[in-house]
Amino acid sequence: MIIDQTERSSASAGRPPHPWAMWPTLAIAGALTVAHAVMGAFGDYWIDEVYMLAAGRFHPDWGYADQPPLVPMIGAAMDFLAPDSMFVLRLPVALATGATVVLIALLAREFGADRRAQTIAAFAGATGLWANLVGHWLAPYSFEPLLWTALFLPLVRWLRQHSQGVADDRLLLVFGLLLGINLQAKFQVAILCAALLLSTLVVGPRALPARPKLWAGAGIALLIASPALIWQALHGWPQLEMSRVVAAESPVLSGGRGGTAVMLLLYAGVLGTALVLMGLWLLLAEERLRPYRMFAPAMIVLWIFFVVTAARPYYLIGMYGLPIAAAVVGLQRRREAKPSRWGWAAWPVYAVTALAAGAMIFTADAINRGFSSAITHVQAERISDGIARQVSDVYRALPPEQRSRTAVIGDSYISASMLDIGGRHHPLPEVFSPHRGYGFFGHPDDGIDTIVLFARSADEIRPFFTDARLAVPGGDLKVWVLSGRTEPWAQIWPAVRSMR
């Protein structure tokens with residue numbers, strides 16, 4: 001009875017009914033941050049990571065063909081502060097990974113979780129499989145769990161307050177501000193907003209879309225995202241082409257739609273997957289969670305959409321915190337109603353969950369090493385240095401007069417990024433690539449009639465030159481020298497440029 005009175009008193013003030021489990025949450029988040037910061041200090045660049053760094057450092061712009069500019073800007077800033085430092089480059093990602101844990105615990109508190117339930121939510125959030133795989137790689141999807149969870153927090157608080165009759169609509173302006181930041185990191189959050197709006201119209205609360213400050217927040221979001229959106233519009237919306245590229249790569253990267261369907265859930269981790277499924281059910285069926293019901297249909301709609309479109313299998317990682325928060329509240333109420341004698345049985349599950357998550361952190365380095373050995377036989381501390389040294393040797397062996405008319409081209413955004421980064425230590429001319437985002441960075445000027453090509457094959461660009469010789473054989477990627485350009489670059493580039 002005393003507890004009920006306390007909860008009613010807190011509710012009347014619009015506050016969560018339970019204190020924040022600060023120390024357990026910070027301990028879990030701190031341990032996770034340290035683990036990723038330490039692991040991030042070693043190893044080599046991940047393929048998307050080196051692209052983020054090269055794009056932000058050497059090709060700063062308001063937008064890019066395949067993502068907004070926020071993460072490249074972060075990479076450029078970190079590299080400016082400490083060039084070549086993997087620890088500094090990846091520190092924002094490690095901090096974001098740990099901060100997500102804190103926000104998931106706070107999200108659970110908004111749902112009504114006590115300290116114990118908040119701690120379980122923090123642990124589940126900290127042991128997601130995908131989040132721990134990428135938790136120290138500088139890539140847009142590494143920041144997505146933090147950005148989506150932060151986006152949900154003011155919305156969940158508004159929903160709780162609205163159910164208590166004391167909603168502060170300024171929270172909807174905060175939602176818009178965070179949405180704008182999300183849109184500067186990944187455009188997929190727009191699909192999330194469409195699913196949330198549809199779900200709200202179906203299951204409520206219908207008072208939400210009627211709030212003027214919600215649409216004012218949407219205006220703030222569009223204003224923040226406008227530079228990237230204008231860039232996309234001026235360049236023909238190349239981001240839309242990326243959806244077709246993602247679908248084409250799905251069979252190889254995730255086993256097609258079937259693999260995507262499974263991994264969209266399993267990436268939540270051992271404990272996390274169970275809580276996500278339980279939380280979805282509770283959001284749909286539990287009357288006390290009715291104010292937040294809109295999130296369950298939205299997540300189901302997103303799951304269906306991502307499976308049908310053969311999207312990446314990690315596109316739902318930012319939404320795991322919501323059903324986890326709902327699930328721990330359900331477990332808490334069951335515990336309060338009838339304490340179980342089998343509570344000890346959870347500890348083996350926690351142990352397996354932690355071990356699986358830890359294994360994913362170490363798997364990241366193994367994936368990088370496997371990728372490096374697959375694309376080149378060059379041995380170097382960093383693959384970017386090894387590739388740049390190899391190409392630089394070929395470039396410097398050219399006659400001086402020919403070198404002044406030479407550019408370097410990588411056959412993919414990955415190889416071009418490696419050359420851009422490694423070229424800081426090994427003399428190279430300007431680096432180009434017709435692939436994906438690099439294809440929009442521009443092409444060589446017509447004073448260039450010779451290229452040093454780092455590619456699997458020279459067949460695609462060979463018809464535009466009178467002479468081609470293989471300068472460095474071996475490995476999956478080779479170094480070619482092509483000279484005697486026969487067409488203007490303005491005609492060559494559209495013919496070879498590709499998002500695939």
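Start with the aromatic rings: this predicted model holds 21 aromatic pairs. Select Trp130 and Tyr314 to see one of them. Their ring centres are 4.4 Å apart and their planes meet at 10°, so the two rings are stacked. Now colour the chain by secondary structure. Trp130 belongs to helix α7 (residues 129-134), while Tyr314 sits in the loop between α15 (295-308) and α16, so this pair ties together parts that are 184 residues apart in sequence. Are these two residues buried or exposed? Both Trp130 and Tyr314 are buried.

Next, select Phe306 and Tyr315. Here the ring centres lie 5.3 Å apart with the planes at 75°, so this pair is edge-to-face. Phe306 and Tyr315 are both buried as well.

Gln332 is buried, with a relative accessible area of 3%. What does its side chain reach? Show the backbone of Asp114: the side chain of Gln332 comes to 2.6 Å from the backbone nitrogen there. Beyond its neighbours within four places in sequence, Gln332 is in contact with His18, Gly112, Ala113, Asp114 and Ala117.

Now bring the sheet into view. It is an open sheet of 5 strands in the order β2-β1-β3-β5-β4, and its pairing is mixed. Strands β2 (431-432) and β4 (465-472) stand at the edges with a single partner strand each, so one side of each has no neighbour in the sheet.

Select β3 (residues 450-455) together with β5 (residues 478-485). These strands pair in the antiparallel sense over 6 bridges, and Ala455 stands opposite Lys478 in β5. Look here for Leu470, which stands opposite Trp480 in β5. β4 and β5 form a hairpin with 5 residues between them, and Gly474 in the turn has a positive phi of about 95°.

For the last stop, select Arg497 and Phe440. Arg497 lies over the face of Phe440, at 4.3 Å from the ring centre.

How values were computed:
Residues numbered from 1 in each chain as written. Predicted model: local features only at pLDDT ≥ 70, side-chain atom pairs only at ≥ 80, totals over all residues. Heavy atoms only, no water. Pairing = 2+ DSSP bridges. Helix = DSSP H or I, 4+ residues; strand = E, 2+ residues; numbered from the N terminus. Buried < 20%, exposed > 50% of the residue type's maximum accessible area, 1.4 Å probe, protein only. Polar contact = N/O pair within 3.5 Å; in protein donor to acceptor, adjacent residues only side chain to side chain. Contact = heavy atoms within 4.5 Å. Phe/Tyr/Trp six-rings, centres within 6.5 Å; stacked < 30°, edge-to-face > 60°. Lys NZ or Arg CZ within 6 Å of the ring centre and 35° of its normal.
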